Amino acid sequence: MNPLSVLQHMGRRATTLLPFSLLLGLLFQDLAAAARPLLMPLVVILLMLALARMDWVRLCAHCCAAPAPRCCWRVLNLIAVPLVVWPIWQGLGLWPSLVTALCLSAMAPGIISAATTATFLRLDSSLALLLLAVHQFPGALHPAAAGAVAAGLRPQDRPVRP
Amino acid sequence: MSVLVLMVFAIPLMDGVVARAMAEPVKLAGFIAGSFGGMLLCNLVMAIATWPFLDRRSALTVGYCSGGRHNALLMAVLPVTADPDIFLFIAAVQFPIYLIPTLLQPLYRRLLAR
């Protein structure tokens, strides 16, 4: 069996295979615990693979485009989206900790694997990688998020342990 | 190759999830449902916001990138005394990260085929 053809076949069935990997982790908890040190190296490998698949001509075209759209996207994604979703989560009467987590999540930068999975979905993976790169700098959670964390994690809000 | 790495990556992310599921099944289910809603809502908001200004494929890409968030970074910036539910959320959010591509693929195929 040709390993390359196996990998190609897996690539065509990516969106079907990915959920099964979650199942593997759930079924084999000892394996999941033992594999934790692999997380960081795998993140690096994922990023390297995403870069290796890049359409650099298209990426350069995106980079050479006016910076205003990228700045707008960053402002929209890090500030406007959290402001839009925050009242929605507040109004649904969810667990307060879940509301806090969802709002913090909305302020976090994009996930690197999105550039990889965008390829499977026939989205613009070059644009995805550029957006995610822009999103990572200059920092992860920006000061507004830090303030929200400080406000949301007041001692009186912490659950009382039995 | 990317698929293989992503599959291997998912395994350690599930560490401890079964124990939490047995201890707090309703809460974990609620957090998983909430994380699905969170990703889809962020995706929808950004896709709609950029739809008038970009071509269809770019707007859908922007929305998709906005949906998935690097929640593990929360572990780096939160204090050790932070609400443990935040860490439960980080585990719960792995489910939509791996399942949403499967769920959205038919929709993206239809929208990009036009």
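Guide: Let's start with a term: a residue is buried under 20% relative accessible area, exposed over 50%, and partly exposed in between, using a 1.4 Å probe and protein chains only.

Visitor: Is T16(A) buried or partly exposed?

Guide: T16(A) counts as partly exposed because its relative accessibility is 45%. Before we go on, this is a predicted model, where local features need pLDDT of at least 70, side-chain atom pairs count only at pLDDT 80 or more, and totals for chains, interfaces and linings use all residues. Residues are numbered from 1 along each chain as its sequence is written, chains are lettered from A and ligands numbered from 1 in the order in which they are written, and side-chain values use heavy atoms, with hydrogens and water left out.

Visitor: Where does T16(A) sit?

Guide: Helices here are DSSP runs (H or I, at least four residues), numbered from the N terminus. T16(A) belongs to helix α2 of chain A, residues 14–27.

Visitor: What should I know about phi?

Guide: Most residues other than glycine have a negative phi. R122(A) has a positive phi, near 60°. You'll find R122(A) in the loop between α8 and α9 (125–136) of chain A, and it counts as exposed because its relative accessibility is 57%.

Visitor: Which residues lie nearest the centre of the largest cavity?

Guide: Of its 13 lining residues, those are S113(A), T117(A), Y64(B), I97(B) and P101(B). Two or more lining residues come from each of α8 (113–120) of chain A and α7 (94–113) of chain B, with α7(B) giving the most, 4 residues.

Visitor: How is that lining split by class?

Guide: Ala, Val, Leu, Ile, Met, Phe, Trp, Tyr, Cys and Pro count as nonpolar, Asp, Glu, Lys and Arg as charged, and the others, Gly among them, as polar. The largest cavity's lining has 10 nonpolar, 3 polar and no charged residues.

Visitor: And what about the second largest cavity?

Guide: That one holds about 60 Å³. L102(A), S105(A), G38(B), M39(B) and C42(B) are the closest to its centre among 13 lining residues. The largest share, 4 residues, comes from α3(B), and the lining has 8 nonpolar, 4 polar and 1 charged residues.

Note on methods. 1 Å grid on protein atoms, 1.4 Å probe; cavity = no way out; pocket = protein on both sides within 12 Å on 5 of 7 lines; lining within 4 Å. Points joined across faces, edges and corners; volume = space filled by probe spheres on them.
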